[in-house]
There are 4 protein chains.
Amino acid sequence: MKENIRNLIDNNKSWQGRYFGFFIQFLIIVSVISFSLETLPDLSDTQRQILNAIELFCVLVFTLEYLMRIYVAPKKLKFIFSFFGIIDLLAILPFYLSFGIDLRSLRMLRLFRLFRLLKLVRYNRAMLQFTKAMILAKEQIVLFMGVTLILIYFSAVGIYYFENEAQPEHFSSIFDSLWWAIITLTTVGYGDVYPITMGGKMFTFFILLIGLGIVAIPTGIISSSLTKVVEEKKE
Amino acid sequence: MKENIRNLIDNNKSWQGRYFGFFIQFLIIVSVISFSLETLPDLSDTQRQILNAIELFCVLVFTLEYLMRIYVAPKKLKFIFSFFGIIDLLAILPFYLSFGIDLRSLRMLRLFRLFRLLKLVRYNRAMLQFTKAMILAKEQIVLFMGVTLILIYFSAVGIYYFENEAQPEHFSSIFDSLWWAIITLTTVGYGDVYPITMGGKMFTFFILLIGLGIVAIPTGIISSSLTKVVEEKKE
Amino acid sequence: MKENIRNLIDNNKSWQGRYFGFFIQFLIIVSVISFSLETLPDLSDTQRQILNAIELFCVLVFTLEYLMRIYVAPKKLKFIFSFFGIIDLLAILPFYLSFGIDLRSLRMLRLFRLFRLLKLVRYNRAMLQFTKAMILAKEQIVLFMGVTLILIYFSAVGIYYFENEAQPEHFSSIFDSLWWAIITLTTVGYGDVYPITMGGKMFTFFILLIGLGIVAIPTGIISSSLTKVVEEKKE
Amino acid sequence: MKENIRNLIDNNKSWQGRYFGFFIQFLIIVSVISFSLETLPDLSDTQRQILNAIELFCVLVFTLEYLMRIYVAPKKLKFIFSFFGIIDLLAILPFYLSFGIDLRSLRMLRLFRLFRLLKLVRYNRAMLQFTKAMILAKEQIVLFMGVTLILIYFSAVGIYYFENEAQPEHFSSIFDSLWWAIITLTTVGYGDVYPITMGGKMFTFFILLIGLGIVAIPTGIISSSLTKVVEEKKE
């Protein structure tokens, strides 16, 4: 029997394993959509009850899956404290914790249900590749994130000195200016804050000319790291 | 005679074939411009009649072309159900269907006229290369689109929890927040919705620092896949 | 004497040639700044007279340079009809033409003075490399610009059908929608037009997910073509 | 004793050296945060005194560090006029200068405290790599920045001629139009200025189609230069 269960949950080449995989992935997506629907402001009581029923069913299946995975694992403790073991636990824990807890912290707890999305990593090849690429380039990403942060900080200080007097409501301190700096240097440009003085505009002009290449560095690192991982796999 | 027609519509090295190709491409563009002009709100009756006449002429030529292509095809059924065969039919079908149909669904039907643009693929080398590149990287694009969608979803959930109370009209549910997430992470930044709370701004700050590299991955995959296709062709 | 003049204007290794080159580049930039200053709305008469004097001086030097280049050219007609010969002429022509012309068309004529900036190509290595890269990838850029244009057109048609009824003032026809499409797909996102219906927002969501990779293709082609040109030069 | 101090401040392999390095980096970040907090508009007197005390402590440590570095340097003058020697001096100078100076210019002087961030370069590997990459590609970046500037200028002139009459308050001169050009071509798109005439919109359409590839060139150069530096180091 242990062999049968292992065939079901661990072997993605048998047809049982493939169907079980699809079923779990389907439930994860159903569970996430149901989570999103719960945030709609004008739900009727019936609708809420349906969503709760769906959630209950998902949790039951995920709990069963978790217990089966522990059952078939050769070293049970090793699985429980592995990455996927912890994710599997976090995906069901919020439901069981919600019984002994007052309503206020429930909202925060619900967010933990989103750990279920990480369960998809087990089935999604791209996410495995992506996770590998991130680990491979971790050190570089952290280092250049530092360069990017320093550039953003310098931009924020500069614009603060140019715009603070003209727009004290938008550039009241360097912390406010940091918001402008990230929105501008990532080229999002909402338009809620922008320089209006001649000096501030010229400063923005030069910061944009110089800065775009720097902010794009982490993007480039992730991309090239990913290319390496994909090509290694092909060989 | 069959040989002459084949020379005309299939042989892009003879001068007849080249001129016929240019003529069809020209008609496609005329037909698309005429389609756009029909949407102008203040057309006079004369202008409408001219546009209808142009449309009639285009459909006649495209029908003739379609029949000729069937006539010269060695295996007629194979052509009719091929990619280009279906496109050629869809390009003229809306016109003939519009006779037996009431006015309301006509609007939708008109949109099908745009399939004519896909007829350009036959003549446009870049579109062939592009289509090849997309097929080559199809699996990867779909997989990483998944990673991108999960990031966008996480961002939407996060901003919902930070901004929902402060701006219930803009962040009323996770579905509303998804609109913010796509507009921000693609750096479009219309400025119709943006965070105003301290927590929401800090969340956006970190999401932008981390997220831009991830959203750019499908772009990178398409580009590098295209480079491969172009270079293969050169060799 | 011909040898001396050739040394001055064509030999960028002699010190005379180098200084002459710097002088011409300096005058080009002075002339362009003076052109920009003329557009300031509140100039006094004295300021206008100074700008006119600067313009007169620049034209005189550029005319002298043009005549000298013709004088030292081995084949005079070949130089006159070469790229740089035409640019040199266009840089001074507006001034001489402005005598026999009424005031209204003068405004347009003034714009031709900006051809002087193209004179910089002669001295700027990057611009030569850039021009080479553009010529090398000309065919590809034109072809993929076509793919980009078709995507932009499809987006415009789609948003027109979703938003036309809700916002007839912003999406009154496909031509208006094209403005939205280019501003959105290049991620500029001014915020003057954006979808407000559920359907329009979902359409934008998918167009952005799919479209960004396509719009970035010409950018990628220019960059990789330039890399080739720069590396070829190094070898 | 000189050996001990050298071990402390120059040897990042001994545990003393490592802890000293962490301590200095920590102080730099504390000092920068304290600098940012000083710009908050509503600080109480106690809070200001705490910030002043922190600043005093940081300056004392940095001064001590500077003196120790001079003490252990084999050639003292060479260190003082080296890049890091000057940075170390600039990081403490503003504090000492502020005693003999009136209040108005103090604001400017405070900005010099940010040179402390450059002290991080000594400890941050990414910043060293980044500095190297910038030096390696310096000539190219400067040259193509020129191409970018010319494109931005042309765009500004064009939009000025299209929009000046319709929106004299936003496009009053070419200098105003330059602000539009940089914000549009970097795709920031705040939405404070945008074309409203048909001609201006069509001009923007084509400038965006053509221009994005050009503005992205310096970004590409920095990225590829950095990749080279990182890979060289690995070998």
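The following legends describe close-up views of a predicted model.

**View 1. Relation of chain B to chain A.** Chain B is superposed on chain A by a rotation of 90 degrees, with 0.0 Å of shift along the axis and an RMSD of 0.1 Å. This relation is that of a four-fold axis. Of the interface residues of chain B, only 10% are also interface residues in chain A, so the copies meet through different surfaces.

**View 2. Interface of chain D and chain A.** Chain D contributes 38 residues to this contact, and chain A contributes 39 residues. Together the two chains bury about 3,600 Å², of which 72% lies on carbon and sulfur atoms.

**View 3. Packing of helices α9 and α11 in chain C.** Helix α9(C) spans residues 138-163 and helix α11(C) spans residues 198-215. Their axes lie 10 Å apart and form an angle of about 175 degrees. Angles over 145 degrees count as roughly antiparallel, and α9(C) and α11(C) are therefore roughly antiparallel to each other.

**View 4. Residues in the contact of α9(C) with α11(C).** On the α9(C) side, the contact residues are C:Val147, C:Thr148, C:Leu151, C:Phe154, C:Ser155, C:Gly158, C:Ile159, C:Phe162 and C:Glu163. They meet C:Gly199, C:Gly200, C:Phe203, C:Thr204, C:Ile207, C:Gly211, C:Ile214 and C:Val215 of α11(C). By class, this contact holds nine nonpolar, seven polar and one charged residues.

Note on methods
Residues numbered from 1 in each chain as written. Chains lettered and ligands numbered in written order. Predicted model: local features only at pLDDT ≥ 70, side-chain atom pairs only at ≥ 80, totals over all residues. Heavy atoms only, no water. Least-squares fit on C-alpha atoms with pLDDT ≥ 70 in both. Contact = heavy atoms within 4.5 Å. Axes fitted to C-alpha atoms, helices over the stretch in contact; angles between N-to-C directions. Helix = DSSP H or I, 4+ residues; strand = E, 2+ residues; numbered from the N terminus. Parallel < 35°, antiparallel > 145°, perpendicular 65-115°, else oblique. Nonpolar A, V, L, I, M, F, W, Y, C, P; charged D, E, K, R; others polar. Buried area = accessible area lost by both parts, 1.4 Å probe.
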